[in-house]
Amino acid sequence: MYREIPSCMLRLSSIISRCNVGEEVSSSLVDALIFALNSASTEVEISHVHISATTNGTNGQYSNHYKRRAMDISGINNQSIYSNQSSEEIKVFQESFDNYSDIRENFGPYFHHKLGENHNVGGHNDHIHVSTNNCQ
Ligand SMILES: [Zn+2]
């Protein structure tokens, strides 16, 4: 079952802006986003996130983006990830994604984790890439 990323996120009433309105992604990925927003909100205020990619963009041939189970977040609270790499919001948001039960990849400025372990991958200082194990 695929789900569209909701444009407003429950009690956070965060507004999600997207370059790719209407793209459907795995339910697990949507749940990961909701989980991370709710979890992070106990420590920091996240009122807005910008999702720059789900299934769109140019990625590696075997990218999880094409499996509908990955997304890139390039901004939080109307600030680019790149301009604010050491912010508390990014740290808490990445840690919150890591606490989601089905998290697979979690690459961003704060750490690069795959299945909860440090992963040797470059880049990701201008966005947070997250994926889940479940494609559905
Ligand atoms: Zn990505």
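User: How many of the contacts in the protein with a separation of 6 or more come from residues 24 or more positions apart?

Analyst: In this predicted model, residues 24 or more positions apart account for 64% of the contacts with a separation of 6 or more. Two residues count as in contact when their C-beta atoms lie within 7 Å.

User: Which elements does the protein have, and in what pattern?

Analyst: There are two helices and eleven strands. Along the sequence they run β-β-β-β-α-β-β-β-α-β-β-β-β. Of the 136 residues, 37% are buried.

User: Why is Val-130 called buried?

Analyst: The cut-off for buried is 20 or more other C-beta atoms within 10 Å. Val-130 has 27 C-beta neighbours inside 10 Å, so it counts as buried. Val-130 lies in strand E11.

User: How far from Val-130 is the C-alpha atom of Asp-72?

Analyst: The two C-alpha atoms are separated by 6.6 Å, while Val-130 and Asp-72 are 58 residues apart along the chain.

User: What makes E11 largely enclosed by the rest of the structure?

Analyst: Five of the five residues of E11 are buried, and therefore the strand is described as largely enclosed. Ile-128, Val-130 and Thr-132 point one way, His-129 and Ser-131 point the other way, and all are buried. In a regular strand, side chains alternate between the two faces of the sheet.

User: How do you know which strands pair with E11, and in which sense?

Analyst: Pairing requires at least two bridges between two strands. E6 and E11 have four bridges, in the antiparallel sense. E8 and E11 have three, also antiparallel. Both pairs therefore meet the cut-off of at least two. Val-130 takes part on both sides: Met-71 stands opposite Val-130, and Asn-106 has Val-130 as its bridge partner.

User: What is the bridge count between E5 and E6?

Analyst: E5 (residues 48-53) and E6 (residues 70-76) pair in the antiparallel sense over four bridges. Gly-75 in E6 is the bridge partner of His-50. E5 is mostly covered, with five of its six residues buried.

User: Why is Ser-74 called partly exposed?

Analyst: A residue is buried at 20 or more other C-beta atoms within 10 Å and exposed at 12 or fewer. Ser-74 has 17 other C-beta atoms within 10 Å, so it falls in between and is partly exposed. Ser-74 lies in E6. Neighbours within four places aside, Ser-74 is in contact with His-50, Ser-52, Ser-80, Ile-81, Asp-126 and His-127. Ser-74 and His-129 are 55 residues apart in sequence, and their C-alpha atoms are 8.8 Å apart.

User: What puts the buried residues of H2 on the same side of the helix?

Analyst: In H2 (residues 88-98), the residues Ile-90, Phe-93, Gln-94, Ser-96 and Phe-97 are buried. They cover an arc of only 160° around the axis, which puts them on the same side of H2. An α-helix has 3.6 residues a turn, so residues three or four places apart point the same way. The buried residues of H2 pack against H1 (27-40), E6, E8 (103-107) and E11 (128-132).

User: At what angle do H1 and H2 pack, and how far apart are their axes?

Analyst: H1 and H2 pack at an angle of about 130°, with the axes 8 Å apart. The crossing is right-handed. In this packing, Ala-32, Ala-36, Ser-39 and Ala-40 in H1 meet Val-92, Phe-93, Ser-96 and Phe-97 in H2.

User: Why does Leu-115 count as exposed?

Analyst: Leu-115 has 11 C-beta neighbours inside 10 Å. Exposed means 12 or fewer, so Leu-115 qualifies. Leu-115 sits in the loop between E9 (112-114) and E10 (117-118). Its phi is near 50°, a positive value in a residue other than glycine.

User: Why does His-124 count as partly exposed?

Analyst: His-124 has 19 C-beta neighbours inside 10 Å. Buried needs 20 or more, so His-124 stays in the partly exposed class. His-124 lies in the loop between E10 and E11, and has a positive phi of about 65° although it is not a glycine.

Key. Residues numbered from 1 in each chain as written. Predicted model: local features only at pLDDT ≥ 70, side-chain atom pairs only at ≥ 80, totals over all residues. Arc of directions from axis to C-beta. Axes fitted to C-alpha atoms, helices over the stretch in contact; angles between N-to-C directions. Left-handed = near helix turned anticlockwise from the far one by under 90°.
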